[in-house]
Amino acid sequence: MKNTIKVERAKKDITQEKLAELAEVSRQTINSIEKNRYVPSTVLALRLSRIFGVTVNELFMLEDDD
């Protein structure tokens, strides 16, 4: 699964640490999501979409092998 978390963070000039605080997770979790090492729960995906003001589908895209 690909994601645009890093791009959305850059648009809003938010650090991983600040995003983690807003999403109520660790900075390491945000880092792992950005590097496609961790797929977030539905609740976290919805939280992130609300923070950025975009849909979950705009943040996360399935790849052919998913």
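Trainee: Which residue just after H3 takes a positive phi?

Mentor: This is a predicted model, in which local features need pLDDT of at least 70, side-chain atom pairs count only at pLDDT 80 or more, and totals for chains, interfaces and linings use all residues. Residues are numbered from 1 along each chain as its sequence is written, and side-chain values use heavy atoms, with hydrogens and water left out. Helices are DSSP runs of H or I with at least four residues, strands are runs of E with at least two, and both are numbered from the N terminus. With a phi of about 60° just after H3, the residue is Asn36.

Trainee: How are H2 and H3 oriented to each other?

Mentor: Helix H2 (residues 16-23) and helix H3 (residues 27-34) have axes 8 Å apart and pack at an angle of about 110°. Axes are lines fitted to C-alpha atoms, for helices over the stretch in contact, and angles run from 0 to 180 degrees between N-to-C directions. Angles under 35 degrees count as roughly parallel, over 145 as roughly antiparallel, 65 to 115 as roughly perpendicular and the rest as oblique. H2 and H3 are therefore roughly perpendicular.

Trainee: Is Arg9 buried or exposed?

Mentor: Arg9 lies in helix H1 (residues 5-12), and its side chain makes a polar contact with that of Glu34 at 2.5 Å. Such a contact is a pair of N or O atoms within 3.5 Å; within protein, one must be able to donate a hydrogen and the other to accept it, and residues adjacent in sequence count only if both atoms are side-chain atoms. Buried means under 20% relative accessible area, exposed over 50%, and partly exposed in between, using a 1.4 Å probe and protein chains only. Because its relative accessibility is 12%, Arg9 counts as buried.
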